[in-house]
Amino acid sequence: MAIAPEREAWITGIGLVSALGEGLDAHWHALNGDREAWLKLDSTTHAPYQVHPAVTLDLARQIPDRGDRRQMEGWQRLGTYAAGLALENAGVKGQDDLLKSMHMIVAAGGGERDYAVDGQILSGLEASNEPAKFLNERLMNDLRPTLFLAQLSNLLAGNISIVHGVVGSSRTFMGEEMAGVDAVRVALGRCHAAQGDIFLVGGAYSAERPDTILHFELGHMNWTRPWVPVWERPKDGGGTILGSVGAFLVIEAREHAERRGATPIAKLAKVSSDRTRRKDGDAEHSMAVQWNEISPGLIPGATVVVSGATGVREGVAIERDLLDQRRVPTRATGSVIGHSVEATFPANVALAAMMVARGEAVPPIGDSKDEARMTRKVKQAVVTSVGHWRGEGMALVEAI
Amino acid sequence: MAHMKDKHGRPVVVVTGMGVVTSLGQGKDENWAKLTAGQSGIHTITRFPIEGLRTTIAGTVDFVPFENAPDLTTKMAALAGDEAVQEARIGGEGAFPGPLFLGMPPVELEWPQRQDLARASAKSADITYTDILKGAAAKDFSAMQTRFLFGSVGDALADRFGTKGAPISISTACATGATAIQLAVEAIRRGETEAALVIGADGSANQESLVRFSLLSALSTRNGDPKAAARPFSKDRDGFVMAEGAGALVLESFEHAKARGATILGVVEGCGEMADSFHRTRSSPDGAPIIGCIRNALDDAGVTPADVQYVNAHGTSTPENDKMEYVGLAAVFGDHLPAIAVSSNKSMIGHTLSAAGAIEAVFTLMTIRSGIVPPTINHTEADPAIKLDLVPNVARKANVTRAISNSFGFGGQNVCLVLAAEPA
């Protein structure tokens, strides 16, 4: 009962920032380079925890107003910057008429806290005879009023509206990795059904925060041993190294892109998502079902899997169950850009688009011995996502 | 079967079940009785000590026992969802035939959890995040980790209702509930599903959330008379009152609902949106995004301003919102505006934040079905700059076949829904 015949959706703009640099070319070169090019690990700042920090950005290039930069915290700056790169890449930056009809879906968690204030309050609470009263007083006096606006999940989208003028619509999805998958899935569904012609979709995650590291430490999910690729971690208990990533895609109906003479990077053919209870093999089953929906269209030998493997043992096992039976060359980008939760899936769709556009896979990531070399021409990429707790998703990206 | 498609040729989307929880009580009957009697659910906060706070009133939901904000959000969402699903008589027990669209507040650790972690580190002075991380490493906090995931509320509700696929958890600040409805309508229109469960829920009225809004000078400080604090569109309005609640709606394609013989409670005819790029917390002074958002909703519904008899206003009771909402309504409805009743449920239930759009959509549909417009209470002093028929203080009988419900939020979020009676 779809109303319009399904339209083709193209990726016409990508903005990607990670430890490996900014833009697809920087990522291509780093991933094809030597260990020094692809391993940018910070093992000291948050020791014993490690992070893949984002490359240093000249923020003023995408966020020219100093007041705007000051109003944001790190995750918002990263995302707003990456969104600007995507718009620039698609050739729509500053085109107000287009941006007014551009639809935005952002996958987001929450923003930075004031870590010093938290520490002072916790210390004071332990010493106070009237802790609740003490908490009220300290919060009223010590919280920076505008910090709230750097913490609200939907204020990454809000900042993108303010800085870049994207105002056709603005939705923010929450829910860790799943939010990233569904943001891309819903944008594609709307594009296919003519519920909008041009979309800005993505997310940002800052790993360089004690509270994001803390979230994973609550489940003892951080990898604190010497760095190894994600596939090698489960045998020693598993774990993730977080990475700061900003990743945005411009997804556009083919005829809309052709009309304005835009150059496509790749075709986004399909996105699927699911949530299982992770019991009795239901996640493995869901991944197999999603794969089977895609696989009839795959060209033998021309496909690479771009995996969002986190390194957390249970999730890796679910994904290995799928991949070990299919024997398709796989590239787990998280080994070197780190796990970026909501931004992971948009980032991997971006890197998948990079590979199909060049017709070539990058070498095994982080010299992983679990990833097969691939010399044949790459025409298709399957992007996988198995969340660190919940969420199973997949996308098919094809060369144009 | 002429009405199965709308004026744009898309499937008509109808509502077949509704549920609601607010500070006024649980369920549609209790809420509607109190709402149409002009009763307020706003009270002095008892949940936590109020000493040292600038605002000490709220519309908290105190009859649902809970452990933390995501827990209360989940529980209220479940109550409202149960009522809606039961009314719709849809699907098998715990097997809802469609996805969940959940509007909810952002999730984060709260002070009791931070204190637990600090104590696990055995440090009691000069505590830093290094210590908190040591505390986290020292014991198993995996249950805390799961509870404070953004996805955990949707996960619990997906299990309870047996919804299909990945639940979508949405945050568009104070427009969240309306955005959840909008996403479900779009999914049904594009044929992705025949039915969807929409819930907007917010149980986040804790100390820090209250202080955050307080520091932005957004809250009423009329602490002495809590029930009189929320006074949308009045000259002496001084801010919104933070509140909690949940609203749930079962949406279906008209065709699907008719085929299974469901009672149609109303139609979601149109959704409009336009983001504002002016400022993080303030509207464009010309009101253009609000105007554009309402016009987009009317266009989406294929109706004109003359076709609308009632506006369920966002009406927060902040000086800025109510002025800008009036500017928007005046521009869109022009000469028709004097004939349109406008009221704000927030005068009685406060601002239920992420739940507001869903709760107020439920109340708007009840207004249409019952022919009674709930009042805007606490209306003693008109703002000379705002010329609206506010249904002041006392509910009114009126024949309403079509209404709009507005939701505006921080971050430039503007959503307008067009809701109507079942086509004759």
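This is a predicted model: local features need pLDDT of at least 70, side-chain atom pairs count only at pLDDT 80 or more; totals for chains, interfaces and linings use all residues.
Colleague: What radius of gyration does chain B have?
Modeller: Along its principal axes, the C-alpha trace of chain B spans about 70 × 50 × 40 Å. A compact globule of 424 residues would have a radius of gyration near 22 Å. Chain B agrees with that, at 21 Å.

Colleague: What share of the residues in chain B is buried?
Modeller: Start with the contacts. Among those in chain B between residues at least 6 apart in sequence, 78% join residues at least 24 apart. The chain has 13 helices and 15 strands. Of its 424 residues, the buried share is 64%.

Colleague: Which strand of chain B runs parallel to β7(B), joined by four bridges?
Modeller: Take β7(B), residues 195–202, where eight of eight residues are buried. B:L197 in β7(B) stands opposite B:L100. The parallel partner, joined by four bridges, covers residues 100–103 and is β5 of chain B.

Colleague: How many bridges join β7(B) to β8(B)?
Modeller: These strands run antiparallel. B:I199 stands opposite B:A248 in β8(B). B:D202 stands opposite B:G245 in β8(B). The bridges between β7(B) and β8(B) number eight.

Colleague: Which residues of β8(B) point the other way from B:G245, B:G247, B:L249, B:L251 and B:S253?
Modeller: In a regular strand, side chains alternate between the two faces of the sheet. In β8(B), nine of nine residues are buried, and that holds for both sets of side chains. The set pointing the other way is B:A246, B:A248, B:V250 and B:E252.

Colleague: What is the bridge partner of B:V14 in β8(B)?
Modeller: Strand β1 of chain B, residues 13–22, runs antiparallel to β8(B). Nine bridges join the two. The partner of B:V14 in β8(B) is B:E252.

Colleague: How far apart are the end C-alpha atoms of helix α10 of chain A?
Modeller: The helix holds 17 residues, 176–192, and 17 of the 17 are buried, so it is largely enclosed by the rest of the structure. At 1.5 Å a residue, α10(A) should span 24 Å. The end C-alpha atoms agree with this, at 25 Å.

Colleague: On the side of chain A that touches chain B, how many residues are charged?
Modeller: 64 residues of chain A are in contact with 70 residues of chain B. Elements that each supply at least two residues of that side of chain A include α6 (115–127), α7 (131–142) and α10. The side divides into 29 nonpolar and 22 polar residues, and the charged ones number 13.

Colleague: Which residue of β6(B) is the bridge partner of A:F173?
Modeller: β5(A) pairs with strand β6 of chain B, residues 168–170. The sense is antiparallel, over two bridges. The partner of A:F173 in β6(B) is B:I170.

Note on methods
Residues are numbered from 1 along each chain as its sequence is written. Chains are lettered from A and ligands numbered from 1 in the order in which they are written. The expected span of a helix is 1.5 Å times one less than its number of residues. A residue is buried if 20 or more other C-beta atoms lie within 10 Å of its own, exposed if 12 or fewer, and partly exposed in between; C-beta atoms are placed from the backbone. Two residues are in contact if their C-beta atoms, placed from the backbone, lie within 7 Å. Ala, Val, Leu, Ile, Met, Phe, Trp, Tyr, Cys and Pro count as nonpolar, Asp, Glu, Lys and Arg as charged, and the others, Gly among them, as polar. Two strands pair if DSSP finds at least two bridges between them. The radius of gyration is taken over C-alpha atoms; the globule rule is 2.2 Å times the number of residues to the power 0.38.
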